[in-house]
Amino acid sequence: MAVEIAHLPLPPSADASMFAEFGKEVKGVNPGTLTPDQFKEIEQLLYKHGALLFRNVDLSPEEQYALTKAFDPASENYGHGNNKTQSTKKSILHPDLKTIPRVPQVQLIGNGTVYNHEGLAEAKLKHPSHTTFHKTRVSPEDEAKGATRFYRWHIDAALYDLNPPRVTTLYGLNVPGGAHQVCRYDDGTDDQLDVPLGTTAFVSGKTMFEILPPELKSLAVRSKVRYAPHPYVWMAPAHAKSTGLGIETEGLELPLSELPPWEEAKIKTLPILWKNPVTKALHFQVHPCGVSELLVDPLPESAKKDGALYPDGAHIKDLETVRELLYKMQRPAIAPKLVYPHEWHEKDLVLFHNRGVLHSVVGAFAPDQVRAFHQCNLAASDEPVGPDAEDIKKWA
């Protein structure tokens, strides 16, 4: 059968003109049994559109792993290392993931207690909640009325030792129904977003870059971020902003001396902008919670210095300054009109370009609402590619 594509169903809140290229529903093929030619077509579509939805899919953990691995055949281990998240008790990821025993690259995530699932006799799952991570929280009264928040905007990546995965696959097995919720930003703006219960929210890293004013485009194209060692352990005592986009600077991060053993050579320093392997577009791909330093190259000699930020370059180590600059660059792209909140149905499979989009868990479930998803992403065989000389000349 031929591969057919259709637009994703956008909510009324979305600015359709900004989603002309983003996201497609794919019909006519079974993602678990793609021929080599069909896979090539899907691969091109994913890098072009950022996220692909397949409906009514039957997919085993083995098939999900094989599909994910096809995007990077030399990759082998789960994005955070096989069985690593559960062994690192101090990590903020620890409660959220359970490994499928026979396919350790695939994780079981969700909410409530799941029994006799793919070799797991019993798995207690907990949907991540902003109430345990943000500095402030929606009041229990408002939460009961359906108010919620983005949990944490991120890319799927260990951000230490291992390379960020190219692609994440997310497969919905048990999807509880329920009333829509209102995702509040609570940041002094009136921004809020009507969201389906338990949505996964996506924004385009390409849009995040393209809507910036010239002086911030120049800063982004010249900059790299340095992540803290073991960033999920480092950030665990800290609190996030009300938008889920980064950490409040309160000095609560774990001192480096108290982290698990780490090596300088395994710390990740990555460009802010990552080049799409198919379209060659630049995507703003930063996990703001884990960043500790910003390294800015000087302007090229041909560039005008008028209004430029850090024209002579800089190595910014002050955490508050680093976070303020990143927030200024990333916040515009999570405006309600630029967010795609996916409404999950059972047997939905979503593939997303993890090097081209940011995403967030959203919402809150009651303890007895059972939700089960399979997630797979693989630590990449290469590092993301940053801007080339032509990009720097164009944007700096």
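In the predicted model, a salt bridge joins the side chains of Glu-250 and Lys-135, with an N to O distance of 3.8 Å. The two residues belong to distant parts of the chain, 115 residues apart. Glu-250 lies in the loop between helix 7 (231-234) and strand 13, and Lys-135 in the loop between strand 6 (120-125) and helix 4 (140-144). Glu-250 is partly exposed, at 33% relative accessible area, and Lys-135 is partly exposed at 47%.

The count of salt bridges comes to 26. Among them, Glu-263 meets Lys-266 at 3.4 Å, N to O. Glu-263 counts as partly exposed at 42% relative accessibility, as does Lys-266 at 28%. In another pair, the closest N and O atoms of Asp-312 and Lys-305 are 3.0 Å apart. Asp-312 has a relative accessibility of 58% and therefore counts as exposed, the cut-off being over 50%, whereas Lys-305, at 48%, is partly exposed. Salt bridges with shared partners also connect Asp-72, Arg-166, Arg-355 and Asp-382 in one network.

An open sheet is formed by four strands in the order 13-12-16-17, with antiparallel pairing. Strand 13 (269-271) and strand 17 (314-316) are the edge strands, each pairing on one side only. From one strand to the next, the twist averages 20°. Three bridges connect strand 16 (residues 291-296) with strand 17 in the antiparallel sense, and Leu-294 stands opposite Ile-316 of strand 17.

Helix 6 (residues 214-222) packs on this sheet and touches strand 12 (223-227) and strand 16. The directions of helix 6 and strand 12 make an angle of about 60°. Helix 8 (residues 319-330) lies across strands 12, 16 and 17, and runs at about 75° to strand 16.

How values were computed: Residues numbered from 1 in each chain as written. Predicted model: local features only at pLDDT ≥ 70, side-chain atom pairs only at ≥ 80, totals over all residues. Heavy atoms only, no water. Pairing = 2+ DSSP bridges. Axes fitted to C-alpha atoms, helices over the stretch in contact; angles between N-to-C directions. Contact = heavy atoms within 4.5 Å. Salt bridge = Lys/Arg side-chain N within 4 Å of Asp/Glu carboxyl O. Buried < 20%, exposed > 50% of the residue type's maximum accessible area, 1.4 Å probe, protein only.
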